[in-house]
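Please examine the arrangement of secondary structure in the model shown here. The explanation below considers a pair of helices and then a set of paired strands.

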Amino acid sequence: MAKTPEGKVKDAVKKLLDKKGVYHFSPYMAGFGRSGIPDIIACVAGSFYAIECKAGTGAPTALQHRELKKITDAGGQAVVINEENIWQVEEYLNLMLAT
């Protein structure tokens, strides 16, 4: 089965996280849980890091924006990543893991 453009972004982000040895998972909702949860949840050097993946000019929904804001309000990091800004994930990981 061919990957969707968003699926390719998710795979690229997971590859970066794996390369750095970062714990992460992708919540599987399937009608359960709370809507709007980011695509990838990670723990980077003891910090909560949430990643919403989009393709092209795709934008988060209102529910996704709400969840991303709740995460940042609680002191976590939350980002929206696409093909154009995936470099931000690697930059963040390099910064957080440079010890």
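The following paragraphs treat the helices and then the strands.

This is a predicted model, in which local features need pLDDT of at least 70, side-chain atom pairs count only at pLDDT 80 or more, and totals for chains, interfaces and linings use all residues. Residues are numbered from 1 along each chain as its sequence is written, and side-chain values use heavy atoms, with hydrogens and water left out.

Helix 1 (residues 5-19) packs with helix 3 (residues 87-96) at an angle of about 15°, and their axes lie 10 Å apart. Helix 1 is therefore roughly parallel to helix 3 (angles under 35 degrees count as roughly parallel). Axes are lines fitted to C-alpha atoms, for helices over the stretch in contact, and angles run from 0 to 180 degrees between N-to-C directions. In this contact (heavy atoms within 4.5 Å), Val13, Leu16, Leu17 and Lys19 of helix 1 meet Val89, Glu90 and Leu93 of helix 3.

Helices (H or I, at least four residues) and strands (E, at least two) are DSSP runs, numbered from the N terminus. Strand 2 (residues 40-44) has four of its five residues buried, so the rest of the structure largely encloses this strand; buried means under 20% relative accessible area, with a 1.4 Å probe and protein chains only.

Strand 2 pairs in the antiparallel sense with strand 1 (residues 23-25) over three bridges; two strands pair if DSSP finds at least two bridges between them. Cys43 in strand 2 is the bridge partner of Tyr23. Strand 2 also pairs with strand 3 (residues 47-53) in the antiparallel sense, over five bridges, and Ile41 stands opposite Ala50 in strand 3.

Methods. Parallel < 35°, antiparallel > 145°, perpendicular 65-115°, else oblique. Buried < 20%, exposed > 50% of the residue type's maximum accessible area, 1.4 Å probe, protein only.
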